[in-house]
Amino acid sequence: MTYDFDTPIDRGGTCAMKLEALPEMFGRTDVTPLWIADMDFAVCPEINKALNSRCNHPVLGYCSTPDSMWEAVMAWLRKRHGMETRREWLAFVPGIVRGIGYAINHFTAKGDKIVIQPPVYHPFRNLTVGNGRVVVENPLIQQPDGHYTMDLEGLAGIFATEKPRMMILCNPHNPGGIQWDTDTLRTVASLAKRHGVVVVSDEIHGDLMLFGERHIPFASVSDEAAEVSVTFGAPSKTFNIAGLAASWMMVPNPALRDDFYHWMEVNEFSTPSFPAFTGAEAAYRHGEEWLSQCLAYIEANIVAVEEWMAANLPEIKPIRPQSSFLIWLDCRALELDQPALVDLFVNSAHLALNDGTMFGSQGAGFMRLNVGLPRKELIKALEQLKKALVPAETV
């Protein structure tokens with residue numbers, strides 16, 4: 001079956017956050033939403049079929065999670081990522097940000113230090129500060145080609161001197177789109193084991209690997225990684241079903257897992273609604289071909305942005321992601337301060353992208369672009385940017 005990613009879909013009237021939050025986030029509604037990380041593509045039809053079939057039943061009472069959903073998750077991890085898991089390692093969580101918040105509250109106390117690596121997904125900082133913990137930054141190192149590497153020496157120093165209780169790892173990394181290599185992840189695991197640090201690994205973008213790259217689950221790289229890791233994953237970004245709040249967590253080490261999962265269970269934090277497990281199972285069982293076609297479309301969109309920028313606005317350098325549908329745009333050659341850069345995109349070009357400084361001060365001069373939309377709509381948005389930047393008489 002060939003799936004359609006070209007036809008625009010009107011998301012008005014669906015409470016879509018990327019539309020509803022425009023006034024608060026950008027101060028206006030007449031902007032093209034290219035910010036929050038969901039896609040404007042119709043989901044795999046089998047997901048809708050499964051949800052509709054269940055919702056058409058006349059009774060919508062309490063439900064228990066079927067073993068078949070966990071079998072689907074484990075089969076997916078084995079086939080897609082070579083990750084062998086056990087049923088007892090896995091539990092449901094209603095969204096990865098919530099899950100990280102639960103982990104922070106269970107494994108750390110107020111005043112404890114938590115390491116993040118900016119520029120990085122902003123809820124890591126918000127969750128840490130909002131729960132009364134202390135952020136310790138180990139900034140990434142940007143290479144000449146625009147990509148980032150981890151400052152492992154800096155991390156070792158932080159673990160030794162700051163004595164953090166936790167590190168939140170983004171693997172693959174958002175917003176840079178980086179899949180950390182095995183050696184880097186093994187070093188992180190070794191350091192964490194040595195210093196008693198719990199590593200919370202957000203792997204929500206791990207299914208969205210691009211251009212031949214492979215996802216490397218943190219827990220898979222060594223025995224030490226399995227021992228220190230609390231991993232979060234989900235079908236939500238992968239299959240564009242974030243509204244179902246269907247996520248999972250994986251903790252191989254019973255010394256970390258038993259108390260944590262008991263705490264989650266008694267507070268009913270790990271009890272899913274039936275749409276969550278119904279949609280998740282349908283996605284993992286029937287969505288692979290849809291995903292394959294979606295990733296090919298995203299790759300073509302990324303190439304289209306690269307070629308368009310090179311031909312029209314070479315001052316803006318798209319950093320090719322190894323994962324996901326988000327491009328980190330290096331706009332520093334425009335020589336605008338961050339307020340002026342944001343003003344250019346929002347008020348002149350009428351485009352709603354994520355401000356790079358949302359991900360930390362290291363994001364100054366950058367914007368994050370979501371390319372999970374029909375290509376014609378994407379190119380139209382880029383033309384709006386060109387019109388805002390290039391005087392009319394030279395266009």
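Modeller: A contact here means heavy atoms within 4.5 Å. By that rule, 73% of the contacts in the protein between residues at least 6 apart in sequence join residues at least 24 apart.

The model is predicted, so local features need pLDDT of at least 70 and side-chain atom pairs count only at pLDDT 80 or more, while totals for chains, interfaces and linings use all residues. Residues are numbered from 1 along each chain as its sequence is written, and side-chain values use heavy atoms, with hydrogens and water left out.

The chain as a whole comes before the details. The protein has 15 helices and 15 strands; these are DSSP runs numbered from the N terminus, with helices being H or I of at least four residues and strands being E of at least two. The radius of gyration, taken over C-alpha atoms, is compared with a globule rule of 2.2 Å times the number of residues to the power 0.38. For 395 residues a compact globule would have a value near 21 Å, and the protein, at 21 Å, agrees. Its C-alpha atoms fill a box of roughly 65 × 60 × 35 Å along the principal axes.

Buried means under 20% relative accessible area, exposed means over 50%, and partly exposed lies in between (1.4 Å probe, protein chains only). Of the 395 residues, 53% count as buried.

Now the cis peptide bonds. One joins Pro118 and Pro119, with omega about 0°. Pro119 sits in the loop between strand E3 (113–116) and helix H6 (123–130). Another cis bond runs from Asn174 to Pro175, and here omega is near 20°. Pro175 belongs to the loop between strand E7 (166–170) and helix H8 (182–195).

Next, the phi angles. Cys15 is not a glycine, yet its phi is positive, about 60°. Cys15 lies in the segment before helix H1 (17–20). Its relative accessibility is 67%, so Cys15 counts as exposed. Phe211, also a residue other than glycine, has a positive phi near 50°. The loop that holds Phe211 runs between strand E8 (198–202) and helix H9 (223–228). Because its relative accessibility is 30%, Phe211 counts as partly exposed.
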